[in-house]
Amino acid sequence: MPKLWNETIDAHRAAVRTAVLDATAALVAEHGLASVTMSRIAQDSGIGRATLYKYFPDVESILRAWHERQIGHHLQHLVEVRDRSSDAGERLEAVLRAFALMTHDTSSHHASGLAAVLHRDPQVVKAHSRLHTLIEDLLADGAQQGSVRSDVAPGELASYCLHALAAAGHLSSRAAVHRLVTVTLAGVHPAAASERDAAPDPHAPAHPRRHAEHQSAPGSQPHG
């Protein structure tokens, strides 16, 4: 078969696949997960049901394919954001801010029930691992350059950042998301380590001098 013909077929298949995934995403966003059926997807994507079944066996397989595409787009976007600066602190802030905004903007997936379906997707685990590594590397670079605290391992700080910014999905505005990012960044700043070291230990015993003064205070000794 001629190469041009193969390329034409591949382009056609890619176009059909894209149309199916786009139609499915729109249906979920507009009407919720319950509205998504193979018939409706075929109708909205402009193809026949028989053709649709040649590409996907059921709705869940379509949702997984769409989610895999979204994951790829999101991770690629974060890499592009990271590469816009050479300063470790700026790179970290830009990536965390972009991640938080993406989390906020895709929060409708949780409301629609889509997250429950996709939770079993192994792509979620792989994507989280790649995201954790991306942020961990940025934190390690920041610690080396002095813009990130070095008293906590970068891996632990990455987990802290991801868990903290997951709350962006429950915030009502982008302004609130930006405030959340600011608070999260404050937790990894070197100043946070200095404040921790300067703070008194609540579990430390009473100061010996104060204890002695208390014992020698008038009226503190028992009378015979």
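Contact here means heavy atoms within 4.5 Å.

**Basis.** I worked from a predicted model, in which local features need pLDDT of at least 70, side-chain atom pairs count only at pLDDT 80 or more, and totals for chains, interfaces and linings use all residues. Residues are numbered from 1 along each chain as its sequence is written, and side-chain values use heavy atoms, with hydrogens and water left out.

**Overall.** I took helices (H or I, at least four residues) and strands (E, at least two) as DSSP runs numbered from the N terminus. The protein chain has 12 helices and 0 strands. I called a residue buried under 20% relative accessible area, exposed over 50% and partly exposed in between (1.4 Å probe, protein chains only). Of the 224 residues, 33% count as buried.

**Helix H8.** I looked up residues 122-145, which form H8. The expected span of a helix is 1.5 Å times one less than its number of residues. H8 has 24 residues and reaches 35 Å from first to last C-alpha, close to the expected 34 Å. I listed its buried residues as Ala-127, Leu-131, His-132, Leu-134, Ile-135, Leu-138, Leu-139 and Gly-142. These pack against H4 (59-82), H5, H9 and H10. Gln-144, also in H8, counts as exposed because its relative accessibility is 70%. Its C-alpha lies 9.0 Å from that of Ala-88, 56 residues away in sequence. Gly-146 follows H8 and has a positive phi, near 90°.

**Helix H10.** I checked residues 174-188 next: the end C-alpha atoms of this 15-residue helix are 22 Å apart, which agrees with the 21 Å it should span. Its buried residues are Ala-176, Val-177, Leu-180, Val-181, Thr-184, Leu-185 and Val-188.

**Conventions for packing.** I used axes that are lines fitted to C-alpha atoms, for helices over the stretch in contact, with angles from 0 to 180 degrees between N-to-C directions. Angles under 35 degrees count as roughly parallel, over 145 as roughly antiparallel, 65 to 115 as roughly perpendicular and the rest as oblique. For residue classes, I counted Ala, Val, Leu, Ile, Met, Phe, Trp, Tyr, Cys and Pro as nonpolar, Asp, Glu, Lys and Arg as charged, and the others, Gly among them, as polar.

**H5 with H10.** I found H5 (residues 88-105) packing on H10 at about 140°, with the axes 10 Å apart. That angle makes H5 oblique to H10. Among the residues making the contact are Leu-92, Leu-96 and His-104 of H5 and Arg-174, His-178 and Leu-185 of H10. By class, this contact has 8 nonpolar, 3 polar and 4 charged residues.

**H9 with H10.** I read the axes of H9 (residues 154-165) and H10 as coming within 10 Å and crossing at roughly 160°. The two helices are therefore roughly antiparallel. Leu-157, Tyr-160, Cys-161, Ala-164 and Leu-165 of H9 make the contact with Leu-180, Val-181, Val-183, Thr-184, Gly-187 and Val-188 of H10. I noted 9 nonpolar, 2 polar and no charged residues there.

**H4 with H5.** I recorded an angle of about 155° and axes 8 Å apart. H4 and H5 are therefore roughly antiparallel. His-74, His-77, Leu-78, Val-81 and Arg-82 in H4 meet Arg-91, Ala-94, Val-95, Ala-98, Phe-99 and Met-102 in H5. This contact divides into 7 nonpolar, 2 polar and 2 charged residues.
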